[in-house]
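Good morning, everyone, and thank you for making time for this short talk. Please have a look at the sequence and the model on the screen, and then I will walk you through a few parts of the fold.

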Amino acid sequence: MKLLRILRWLVLLLSVLLAVQLLARCHARQRGELGELYERYCEQPGVRVALVQNMPINDTLSKDILLLTATDSAGWAWILTEFTNIEEGSPLFNAAMTSTWFMCSHAGTKEKPGERPPLSEGTTYYDQLEQGVYDELLRVFVTASSRSTLIVAITNRQEGKALIDMMMDRNEFSITPEEARQLKNKSI
């Protein structure tokens with residue numbers, strides 16, 4: 001009888017431990033590879049932070065995307081200084097604060113998403129990623145039309161190319177080379 005009671009308590013204890021472990025895994029999976037950045041930025045005043053899981057990038061690739069959107073001008077100023085390295089008060093900063101045409105894209109790291117990591121001469125960031133210099137890089141897009149930053153972790157060259165293609169396809173201000181030639185011809 002005593003042995004049966006001990007076994008029941010043991011089964012109950014193991015069930016509780018299993019449930020806690022499953023909940024912890026679920027929470028960790030929910031944050032994904034950008035969890036550190038989500039935690040770092042989720043309390044930033046003037047900025048709404050969202051983690052979009054498994055966003056389709058193209059027909060074969062889905063990635064977790066961290067989206068930071070300014071809710072006021074102070075939040076937009078913070079995004080610009082945090083993710084573009086544009087000096088606050090500079091003419092470019094002032095133009096970006098009021099523009100809807102500003103967009104930049106660069107590689108970054110989790111430690112410093114706004115700074116481009118060192119690049120060895122004669123290589124690309126993707127070369128260094130494939131050589132193991134970086135475990136992963138971030139692709140950081142800052143867009144004034146939506147006053148937001150989109151951050152994606154990339155692990156290989158194909159992902160990096162797909163992300164750039166996605167932004168160019170979905171960017172309302174992007175133009176094709178033919179459209180650029182037509183605009184140039186009209187201005188002459």
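Let me begin with a pair of strands: β4, which covers residues 137-143, and β5 pair in the antiparallel sense over 7 bridges. Helices and strands here are DSSP runs, with at least four residues of type H or I for a helix and at least two of type E for a strand, numbered from the N terminus, and two strands are said to pair if DSSP finds at least two bridges between them.

Residues are numbered from 1 along each chain as its sequence is written, and side-chain values use heavy atoms, with hydrogens and water left out.

Back to the strands, then. The bridge partner of T143 in β5 is S148, and in the hairpin of β4 and β5, which has 4 residues between the strands, R147 takes a positive phi near 50°. Strand β5 also pairs with β2, residues 62-70, again in the antiparallel sense, over 5 bridges, and here L66 has I151 as its bridge partner in β5.

Next, the aromatic rings. A pair of rings is described by the distance of the centres and the angle of the planes. Rings of Phe, Tyr and Trp (for Trp, its six-membered ring) pair if their centres lie within 6.5 Å, and planes under 30 degrees apart count as stacked, over 60 as edge-to-face and the rest as tilted. By this rule there are 3 aromatic pairs. One of them joins Y41 and W78, edge-to-face, at 5.4 Å centre to centre with 70° between the planes. This pair links distant parts of the chain, with Y41 in helix α2 (residues 35-41) and W78 in helix α3, 37 residues apart. Both Y41 and W78 are buried. W78 and F83 have ring centres 5.7 Å apart and planes at 90°, so this pair is edge-to-face. F83 is itself buried, with a relative accessible area of 0%, and ring pairs link Y41, W78 and F83 into a cluster.

N54, in strand β1 (residues 47-56), has a positive phi of about 55° although it is not a glycine, and N54 is exposed, with a relative accessible area of 53%. N85, in the loop between α3 (73-84) and α4 (91-98), has a positive phi of about 60°, and it is not a glycine either.

Finally, how far can we trust the model? The predictor's confidence in each residue, from 0 to 100, is the pLDDT, and the protein averages 78, with 73% of the residues scoring at least 70. Over residues 25-31, however, pLDDT stays under 50, and the model has 7 contacts there beyond four places in sequence, a contact being heavy atoms within 4.5 Å. Where pLDDT is low, the predicted coordinates should not be read in detail.

How values were computed. Predicted model: local features only at pLDDT ≥ 70, side-chain atom pairs only at ≥ 80, totals over all residues. Buried < 20%, exposed > 50% of the residue type's maximum accessible area, 1.4 Å probe, protein only.
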